[in-house]
Amino acid sequence: MANSIESTLVETRVFQPPQNFVEQANVAGQASYQALLEAADRDPDAFWAKQAREHLHWTKPFTKVLDESRAPFFEWFGDGELNVSANCLDANLKNGNASKVAIIFESDDGVVKKITYQQLHDRVCQLANGLKALGYKKGERSIIYMPMSIEAVVAMQACARLGITHSVVFGGFSAKSLHERITDVGASLVLTADEQMRGGKAIALKPAVDEALAMGGCEAVRHCIVYKRTGGKIAWDAKRDVWFHDVADKQATTCEPVAVGAEHPLFILYTSGSTGKPKGVQHSSGGYLLWAKLTMQWVFDAKANDIFWCTADVGWVTGHTYIAYGPLAAGLTQIVFEGVPTYPNAGRFWKTIQDQKVSIFYTAPTAIRSLIKTSDADAAVHPKSFDLSSLRLLGSVGEPINPEAWMWYHTNVGGGRCPIVDTWWQTETGGHMITPMPGATPLKPGSCTTRLPGITAAIVDEVGGDVAAGQGGFLVIKRPWPSMIRGIWGDPERYVKSYFPPELGGYYLAGDGAQCDKDGCFWIMGRIDDVLNVSGHRLGTMEVESALVAHEMVAEAAVVGRPDATTGEAIVAFVVLKRTRPEGDEALALGKQLRDWVAKEIGPIAKPKEIRFGDNLPKTRSGKIMRRLLRVVAAGEAITQDISTLENPAILDQLSKPV
Ligand code: WT7
């Protein structure tokens with residue numbers, strides 16, 4: 001972490017918003033941005049009420065804005081009613097967007113399918129009618145375990161149309177992770193696909209659902225709806241399984257949207273925390289959708305003729321806010337991409353931008369860094385070999401972007417003319433929080449710059465006091481905002497403990513360390529808890545440790561992050577086996593076995609990059625594992641810390657050598 005602070009704070013380059021961008025921007029120039037900031041700070045309730053009335057269609061208007069009476073369980077627009085799907089679809093039919101393309105689906109193998117707003121509306125209504133026919137209704141929970149597809153968006157929107165709270169599980173998660181989510185959320189419905197296509201290979205999905213449902217505790221699940229993606233062979237339980245097309249195809253193409261209260265949970269999305277059990281982050285309907293739509297217009301400067309592409313998967317919050325909801329609420333045409341950046345070659349992103357004339361492109365630093373490497377080695381896949389002149393705005397999300405990667409993105413992808421919005425936010429925040437407004441904010445490579453209007457982000461010390469510019473501290477949000485997390489599903493205490501620790505006096509604790517420079521720009525320094533960020537994916541060290549100790553050979557495990565040039569952080573696991581410490585080839589073989597085990601327990605994204613075996617782990621005399629020292633050891637750095645409280649200092653030497 002020390003390195004990243006140094007490298008970011010020596011950054012002195014500043015990029016002013018290009019004049020031609022400012023001239024057409026939704027928020028044009030510093031003065032407009034300042035005016036919004038001031039309006040929101042002066043009278044937050046009036047500001048948010050105005051935005052919510054202007055941007056959303058309410059079936060029952062709200063009279064209350066923010067209700068703090070049960071803080072930190074906040075309510076927004078609490079007595080208002082609306083339907084999210086009607087705001088995303090029906091609103092576009094009324095706006096004259098019926099025959100506008102809503103989604104350009106690009107499949108893994110390059111086949112392109114387009115669907116208009118009218119067609120998307122009709123598909124959503126058909127599935128919603130099908131769900132109704134199966135007896136599903138408002139208040140139930142569904143699990144969506146589907147590949148990137150139009151059908152995944154249809155599934156989310158159909159649930160929203162009926163007031164069914166969805167919980168999307170990323171297709172890379174294991175049967176066990178899926179089971180954990182199905183039971184925690186109390187799902188009565190699962191939507192999946194036979195298989196998914198990634199990089200030319202078919203990967204099974206339905207078998208993981210079968211396995212999860214067989215694990216017990218899933219008795220509430222009445223149906224498993226299966227989208228036929230590949231036609232691959234799958235097992236079938238005639239009492240439970242139904243084909244997506246059989247549920248939807250014969251249904252009517254209109255379905256009355258079910259009005260829900262603004263606070264009705266639109267979705268629950270699981271994310272890692274500092275204990276072994278993932279947290280079910282609960283989001284609202286009204287406040288969430290407001291921010292999804294507003295940030296599309298402010299941060300992505302959305303315009304009617306844009307072609308928007310967010311490369312995230314719908315299994316993550318980015319794919320919820322900036323694929324399934326925001327772009328549709330804003331009436332844009334967007335790309336939904338099934339494939340991977342490296343198939344059929346590492347020019348896939350650039351070719352797709354060229355072919356589909358993408359104007360706004362939003363991706364993760366880890367993808368950029370890996371594509372820098374491949375295009376340095378092969379000119380044919382370098383962005384310069386493609387016509388990227390349709391681009392006007394770039395975005396970055398998920399982890400800090402290092403200044404070198406920022407510059408490469410700016411020069412080679414953006415042709416030096418496109419602003420980059422480095423958007424800091426989290427599963428819990430629902431949408432962008434600290435980010436440039438592209439027509440207003442001067443950019444600094446590596447900084448997510450300044451807070452959005454209404455977002456009272458600040459850096460504080462351990463008792464909630466503001467810290468001076470240039471000093472590190474905890475990133476907090478001082479006042480509630482409409483799209484904030486509403487709770488951790490089934491665990492209100494953990495919600496309060498994780499996000500509103502009493503010593504911070506009511507501020508929302510983001511879990512990131514950060515600092516502000518003298519211009520008020522934020523620099524994110526990384527997590528302050530035991531959460532890792534691997535390729536923009538959030539993982540708890542405890543989660544990986546629990547998976548490791550669940551293996552019969554393992555006595556003890558400690559997991560830490562190590563800075564990695566491509567993935568941001570890499571997972572390094574220190575393991576003590578129940579048998580004697582393996583060495584050489586045997587250690588390599590056992591390491592591989594344990595890495596595969598973690599992939600099976602959690603999912604391939606959680607696979608440790610390296611496993612080191614020890615006779616023991618570094619512990620204090622009271623038996624506490626000193627992860628701080630393990631981080632130093634994993635990074636291959638010399639230990640300069642005080643190790644006098646260590647029971648067994650000699651172990652550090654043994655653990656410092658890679659297998
Ligand atoms: C954590 C949240 C935001 C949606 C995807 C990840 C890190 C996210 C940035 C950024 C520096 C960032 C933070 C945050 N993070 N965006 N632009 N610059 N760090 O959502 O899985 O909930 O992870 O990702 O550490 O706390 P998530």
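**Loops, cis prolines and a sheet**

Colleague: Is Asp-301 buried or exposed?

Modeller: In this predicted model, Asp-301 counts as buried, because its relative accessibility is 1%, which falls under the 20% cut-off.

Colleague: And where is Asp-301 found?

Modeller: Asp-301 is in the loop between α11 (286-298) and β16 (307-310), and its phi is near 50°, a positive value in a residue other than glycine.

Colleague: What about Phe-77, what is its phi?

Modeller: Phe-77 is not a glycine either, yet it has a positive phi of about 55°; it sits in the loop between β2 and β3 (81-82), and it counts as buried because its relative accessibility is 0%.

Colleague: Switching to prolines, which residue is joined to Pro-72 by a cis peptide bond?

Modeller: That is Ala-71, with omega of about 5°, and Pro-72 itself lies in the loop between β1 (66-67) and β2 (75-76).

Colleague: And where is Pro-344 found?

Modeller: Pro-344 belongs to the loop between β17 (333-337) and α13 (348-356), and a cis peptide bond with omega of about 0° joins it to Tyr-343.

Colleague: Now the open sheet, what is the order of its strands?

Modeller: Its four strands run in the order β21-β22-β24-β25 with antiparallel pairing, and β21 (457-460) and β25 (522-527) are the edge strands, each pairing on one side only. From one strand to the next, the twist averages 45°.

Colleague: Over how many bridges do β21 and β22 pair?

Modeller: They pair over four bridges in the antiparallel sense, with β22 covering residues 472-477; within β22, Leu-475 is the bridge partner of Ile-459.

Technical notes: Residues numbered from 1 in each chain as written. Predicted model: local features only at pLDDT ≥ 70, side-chain atom pairs only at ≥ 80, totals over all residues. Heavy atoms only, no water. Pairing = 2+ DSSP bridges. Helix = DSSP H or I, 4+ residues; strand = E, 2+ residues; numbered from the N terminus. Axes fitted to C-alpha atoms, helices over the stretch in contact; angles between N-to-C directions. Buried < 20%, exposed > 50% of the residue type's maximum accessible area, 1.4 Å probe, protein only.
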